[in-house]
Amino acid sequence: MRPFGIGLAAVLAILAFAPAAVSQGKKAPEISEKQRTQGMAEAPALAQSAGVACKITDARFIGKADDKKAKTSTSYYEVDCDAGLGFIISAPAGGTPTVFTCVEANTPQPDGKPSSLPCKLPGNADPKADLAPVLAAAKVQCTPEQVRGIGQSPTATYLEVACQGSAQGYVIKASAPIDAAKPVEATDCMLYDDSESNIKCTLRDKAARLSVIDTYVAAAKNGCTVKDKKYIGVSQTGSAFFEASCTDGKGYLYKVDKGVLTTAYECAKATMVMGGCTLTDAKEAVTEQNGLYTKLAKAAKFDCEVSKYGPFPSSDGKDVVELACSNRPDGAVGIFGPGTKSQVVDCARAPIAGYRCSFTKPEGGYKLVTADLKKQGKTECEVSNTRVIGRTAKGTTYFEVACADGLKGYIIEYQPETLEPISVIGCAFSKDCKLPGNS
């Protein structure tokens, strides 16, 4: 992640040198009626020009800081909104105002000392409670116990939230100025524990956050005495994944949805799940059924001498596996199961069915996509790249292809079950193409 353009710490460090009228490190005097009158007269327009999207119900003029050397003057205000967080406004004379939430303004300085410019209006007395609309927009069920400002970029505000009753915490990314009506993202603090990002969670320690894995291990009832554990990440469907290695040498991946364990995978069978296990040696050859999958693939009219396979997670009882073939460069995904017709999808078109191969590269099967174009009368394009655009309301899938000659490619519409092409449109006539050479 890029460094912040306007760091909260840097701003508070500057404010630490502001005159006493602004920076009140000692006992603060009561807010005067004069401060409120001036605040309500001047702050709403400044807040609006800075992009604050709320109705201001209370405001105060904090003071003015003059930098004689730089010949600049900056006025400071606090505003309370009718809903959500309040703000501190920094308004340089003749310049564009900057705003910070009361969460940021109340965050201690880098040296641990109290904030030099905290929010003091009665409506801003508990900024963490005012975060409720932002957390709701991020679809996070969390009652904040502690909050802190991490920093700002020109377009984003970053906050850390630690939740009551659990070791869980989140990094909240919202707009700058923060607005619950605009997109808000919440990322589990565990994602940042081992990353090189300049964002870190500090309200709770890593060990406390990882303790939640013990709960999932106990719920799995697989006899694992935990030796080591880690957070893996979140899948595209929103499921959280964790890994634990056990003292008996085994290991497991745990899939969790909305805080509840839904699936436990043995590491030996989880090579295709979120990149597989890393705490356990799960490189055992999974070859005992190669012969069976070879027969199943050939019965589905896909000539593959299976040299390696790896399972995909499946919730409907089907056996879904990726197949690597010793007799051809393009692998496939086999979908086998009782009561259903077996199907093998080459890796080039597997993304249409919702799968992505890792044993072989999709370009090995581009000739099959080229053949689909020719079925639709487009004979001049040799496919060199592909991309799934998305599914239509009627259930078909749009698949973008690029051509080796560098000219604009096409969008092929596929039936998802049979993977039969049913229509094609040139990228010259569509704004949905994104591949190099097509857009």
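Trainee: Okay, so helices (H or I, at least four residues) and strands (E, at least two) are DSSP runs, numbered from the N terminus. With that settled, where does Lys71 sit?

Mentor: Lys71 is in the loop between β1 (56-67) and β2 (72-81). Keep in mind that this is a predicted model.

Trainee: What's the phi of Lys71?

Mentor: Positive, about 55°, although Lys71 is not a glycine.

Trainee: And is Lys71 buried or exposed?

Mentor: Exposed, with a relative accessible area of 76%.

Trainee: Which loop has Lys258 in it?

Mentor: The one between β11 (251-257) and β12 (260-266). Lys258 isn't a glycine either, and its phi is positive, near 55°. Lys258 is exposed too, because its relative accessible area of 87% is over the 50% cut-off.

Trainee: Switching to peptide bonds: which one is cis?

Mentor: The bond from Ala176 to Pro177 is cis, with omega near 0°. You'll find Pro177 in the loop between β7 (169-175) and β8 (185-188).

Trainee: How confident is the predictor, going by the mean pLDDT?

Mentor: The mean pLDDT of the protein is 87, and 90% of its residues reach 70 or more.

Trainee: Where does pLDDT stay under 50, then?

Mentor: Over residues 1-6, and also over residues 8-21.

Trainee: How many contacts beyond four places in sequence does the model have for those stretches?

Mentor: There are 20 for residues 1-6 and 26 for residues 8-21.

Trainee: New topic. How many salt bridges turn up in the whole structure?

Mentor: The search finds 17. One of them joins the side chains of Lys229 and Asp214, at 2.9 Å from N to O. That pair links distant parts of the chain: Lys229 is in strand β9 (residues 226-234), Asp214 is in helix α7 (residues 212-220), and the two are 15 residues apart.

Trainee: How accessible are Lys229 and Asp214?

Mentor: Both are partly exposed: Lys229 has 22% relative accessibility, and Asp214 has 34%.

Trainee: What about Arg349, which side chain does it meet in a salt bridge?

Mentor: Asp372, at 2.7 Å from N to O.

Trainee: Are Arg349 and Asp372 buried or exposed?

Mentor: Arg349 and Asp372 are both buried.

Trainee: And Glu400, which side chain meets that one?

Mentor: Arg387, in a salt bridge of 2.8 Å from N to O. Glu400 lies in strand β18 (residues 397-403) and Arg387 in strand β17 (residues 383-391), so this pair ties together parts 13 residues apart in sequence.

Trainee: Why does Glu400 count as buried?

Mentor: Because its relative accessibility is 0%, and buried means under 20%. Arg387 is partly exposed, with a relative accessible area of 24%.

Trainee: Last one: which residues do salt bridges with shared partners join into one network?

Mentor: Asp346, Arg349, Asp372, Lys375 and Glu420.

Key
Residues are numbered from 1 along each chain as its sequence is written. This is a predicted model: local features need pLDDT of at least 70, side-chain atom pairs count only at pLDDT 80 or more; totals for chains, interfaces and linings use all residues. Side-chain values use heavy atoms; hydrogens and water are left out. pLDDT is the predictor's confidence in each residue, from 0 to 100. Contact means heavy atoms within 4.5 Å. Buried means under 20% relative accessible area, exposed over 50%, partly exposed in between (1.4 Å probe, protein chains only). A salt bridge is a side-chain nitrogen of Lys or Arg within 4 Å of a carboxyl oxygen of Asp or Glu.
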